[in-house]
Each structure stands twice: as C-alpha cells, then as structure tokens.
Amino acid sequence: MDEQRRKGLDKMNEVYAWEMPNIEGDDFFALTVDHLFGNIWTRPGLSMRDKRLMTLSVVTALGLQDLTEVQVNAALENDELTEAELKEMAIFLTQYVGFPLASGLNGVVGRVSGKRRKAAGSDKKANVDAAVRMHATGSIDDK
C-alpha cells in the first residue's frame, strides 16, 4: 500500500471510528480514500469537530439519513459531540433547512444513540460491514 493510501485510510478510520479494510482495484474507493480522506480531511485549519459539524449540516440538509447515521455514530464514538449537542443541532438546523430535514437528524440521533446503548462494549465490525455495504450498494440498511 502506498503512502497516500495509508494516509487516507488512517484518516478515514479516525473520522468514522472504525477499521475499514483497504479495497484494491476500485476507482471510487481510491478517490474517496486517497483524495477525500488523504488530502481534504487531513488539511489543517479546521478541527475534526468543525469538519464533523459541517458534514452533518450538509448531509442533514440533503436528507441523506444513511450518511447522517454514519456521521452521528462517529461523532459520538470520537467524543466530538454529545447526544444533547446533536439534538440541539437538529433544533438549530430546523430554522435553516426546515422541519422535515432537521427532524431526520433528530430521528437519526435517537436511533444511533439507542443502538449504541444496546450494543455498548461491542466491537466496531458492524460499522465496517455497513460501510462496505454502503460502498457496494449505496445503502447501509441491514437487509
């Protein structure tokens, strides 16, 4: 594995609080890991929490609850935001993106927090499985 891929994979695993395996021979995975995580998420100037807040705002505004779930789980796992702060974020965003979209974030926070309480102490493999599934199918829904 070259240095750019290692840098990107390390940052991706830090951002999402999981251990994503390297997927060879997939151009989209390479773009995501090498560029997005290896070049963009590693830039100085903004904290991880700042980047997380912006990312959560965008995926909430776009109504992408699958990605919102990944981001909420990682924010909680990395101690960047608390459940209460995430709920407050949903209230704040209601004023900018509207009730339906912001209530999606609020619902995701509740679901993720409930899953995390239920699975306290388990490993992160389920998150990786979900990420690989999302990469392959475009959805993290358990099917």
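I looked up Leu 64 and placed it in the loop between H3 and H4. I am working from a predicted model.

Leu 64 belongs to a nonpolar patch with Val 58, Leu 62 and Leu 67. Together the four expose about 330 Å² of accessible area.

Next entry: helix H5. I found H5 at residues 83–97, 15 residues in all. From first C-alpha to last I get 20 Å, close to the expected 21 Å. Which residues of H5 are buried? I listed Leu 86, Met 89, Ala 90 and Leu 93. Residues three or four places apart on an α-helix point the same way, because a turn takes 3.6 residues. I looked for what covers the buried residues of H5 and found helices H3 (48–61), H4 (65–77) and H6 (99–118) among the cover. Just after H5, Gly 98 has a positive phi of about 95°.

Then the cores. I counted 14 residues in the largest nonpolar core. Leu 56, Val 72, Leu 86, Met 89 and Leu 105 have the most contacts inside it. H4, H5 and H6 each supply at least two residues of this core. H6 gives the most, with five.

Setting aside neighbours within four places in sequence, I have Leu 86 in contact with Leu 56, Val 72, Leu 76, Leu 81, Leu 105 and Val 109.

Last entry: a second, separate core has 13 residues, including Met 12, Val 15, Tyr 16 and Met 48.

Conventions:
Residues numbered from 1 in each chain as written. Predicted model: local features only at pLDDT ≥ 70, side-chain atom pairs only at ≥ 80, totals over all residues. Heavy atoms only, no water. Helix = DSSP H or I, 4+ residues; strand = E, 2+ residues; numbered from the N terminus. Expected span 1.5 Å × (residues − 1). Buried < 20%, exposed > 50% of the residue type's maximum accessible area, 1.4 Å probe, protein only. Contact = heavy atoms within 4.5 Å. Patch = residues over 30% accessible without salt bridge, like charges linked within 9 Å, V, L, I, M, F, W, Y side chains within 5 Å. Areas by Shrake-Rupley, 256 points an atom, 1.4 Å probe, with all protein chains shown as cover. Salt bridge = Lys/Arg side-chain N within 4 Å of Asp/Glu carboxyl O. Core = buried A, V, L, I, M, F, W, Y, C linked by side-chain atoms within 4.5 Å.
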